Amino acid sequence: MILKCAIIDDEPLAAELMSSYVRKTPFLKLTGAYNSASSAIRDIRQSPADLLFLDIQMPELSGVEFAKILPSETRVIFTTAFSQYAVEGYKVDAMDYLLKPVSYDDFLKAAKKALDWFTLKGKRQAYRQDRFLFVKSDYKLIKVSLDDILFVEGLKDYVRFYLKDGTKIMSLMNMKNLEDNLPKPEFMRTHRSYIAHMSKVEMVDRFRLVFGESYIPISDTYKDDIQAYIDQHTLM
């Protein structure tokens with residue numbers, strides 16, 4: 001995956017340094033470098049970048065104010081010489097925060113974080129659109145339709161998929177990674193060891209979700225989220 005990125009910094013030397021970092025990073029493509037937010041508005045609105053390295057303290061329009069009017073698909077990594085601006089960055093959901101002078105090591109770590117985010121986003125979109133995933137099991141890749149999954153159980157380093165036809169598939173997989181990839185709120189965590197396909201729930205029995213003859217628990221950690229989902233689908 002190649003991420004299109006742009007740089008906005010009112011310090012020409014800082015902008016050139018960041019540009020050189022982008023050029024030496026294989027998964028980044030520089031689409032523009034600007035010395036003010038106002039000069040970048042038209043280009044970024046017409047052709048949104050995936051990732052924007054944005055200085056916070058600039059004349060006319062600050063980086064924080066500019067971040068608020070960016071297209072929703074553009075992610076931001078702030079750069080600044082002043083550490084007190086970190087809180088402002090998180091208020092606009094910045095992906096990361098780099099303190100000047102920025103080293104290439106710190107730049108690369110932030111860029112890789114963005115790459116991981118976009119990669120995960122792409123997987124989520126594919127799962128939602130195609131409605132299936134491939135699961136590794138016994139040296140094979142097994143195609144599993146999302147519509148066939150009742151629930152998933154976490155077992156240390158493994159997960160077990162329970163399918164509507166009674167099939168159980170064991171796979172070496174991280175439970176948190178699976179949860180992050182499955183579409184929400186269609187799939188919801190109910191317990192540290194369980195993820196439920198909510199549309200397949202046949203009955204809610206106090207602190208359990210029932211799927212035919214099987215059931216899974218609802219823990220205190222997740223009960224409010226599960227209750228909110230149930231309330232949305234309850235006719236009073």
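# Reading this structure

Q: What does Arg-208 count as at 29% relative accessibility?
A: Arg-208 counts as partly exposed at that 29%. Buried means under 20% relative accessible area, exposed means over 50%, and partly exposed lies in between (1.4 Å probe, protein chains only). This is a predicted model, where local features need pLDDT of at least 70, side-chain atom pairs count only at pLDDT 80 or more, and totals for chains, interfaces and linings use all residues.

Q: Which residue forms a salt bridge with Arg-208?
A: A salt bridge is a side-chain nitrogen of Lys or Arg within 4 Å of a carboxyl oxygen of Asp or Glu. Here the partner of Arg-208 is Asp-205, with the closest N and O atoms 2.8 Å apart. Asp-205 is partly exposed, at 21% relative accessibility. Elsewhere, salt bridges with shared partners join Asp-9, Glu-11, Asp-55 and Lys-100 into one network.

Q: How many salt bridges does the structure hold?
A: The structure holds 16. In one of them, the side chains of Lys-100 and Asp-9 meet at 2.7 Å, N to O. Lys-100 lies in the loop between E5 and H5, and Asp-9 in the loop between E1 and H1, so the pair ties together parts that are 91 residues apart in sequence. Both residues are buried.

Q: Where do Lys-109 and Asp-105 lie?
A: Both lie in helix H5, four residues apart, which is about one turn of the helix. Lys-109 is exposed, at 54% relative accessible area. Asp-105 is partly exposed, at 44%.

Q: Which residues of H1 are buried?
A: They are Ala-14, Ala-15, Met-18, Ser-19, Tyr-21 and Val-22. Seen down the axis of H1, they fall within an arc of 160° (taken from the directions from the helix axis to the C-beta atoms), so they line one face of the helix. On the other side, Pro-12, Leu-13 and Arg-23 are exposed. H1 covers residues 12-23 and reaches 16 Å from first C-alpha to last, close to the 16 Å expected.

Q: What do the buried residues of H1 pack against?
A: Contact means heavy atoms within 4.5 Å. The buried residues of H1 pack against strands E1, E2, E3, E4 and E5, and against helix H5.

Q: Where is Thr-79 found?
A: Thr-79 is in strand E4, residues 75-80. Thr-79 is buried, at 3% relative accessibility. Leaving aside neighbours within four places in sequence, its contacts include Asp-9, Met-18, Asp-55 and Lys-100.

Q: What peptide bond joins Lys-100 and Pro-101?
A: The bond is cis, with omega about -5°. Pro-101 sits in the loop between E5 and H5. Pro-101 is exposed, at 76% relative accessible area. The peptide bond from Lys-184 to Pro-185 is also cis, with omega near 0°. Pro-185 lies in the loop between helix H6 and strand E11.

Q: What is the phi of Lys-156?
A: Phi is positive, about 55°, although Lys-156 is not a glycine. Lys-156 lies in the loop between strands E8 and E9, and is exposed at 85% relative accessibility. Arg-206, another residue other than glycine, has a positive phi near 55°. Arg-206 lies in the loop between strands E13 and E14. Arg-206 is exposed, at 71% relative accessible area.

Q: Which residues make the nonpolar surface patch of about 300 Å²?
A: Patches are made of residues with over 30% relative accessible area and no salt bridge, joining like charges within 9 Å and nonpolar side chains (Val, Leu, Ile, Met, Phe, Trp, Tyr) within 5 Å. Areas come from the Shrake-Rupley method with a 1.4 Å probe, and for residues only the protein chains shown count as cover. Here the patch is made by Tyr-158, Met-170 and Leu-172. Met-170 is in strand E10, residues 168-172. Met-170 is partly exposed, at 32%.

Note on methods
Residues numbered from 1 in each chain as written. Heavy atoms only, no water. Helix = DSSP H or I, 4+ residues; strand = E, 2+ residues; numbered from the N terminus. Expected span 1.5 Å × (residues − 1).
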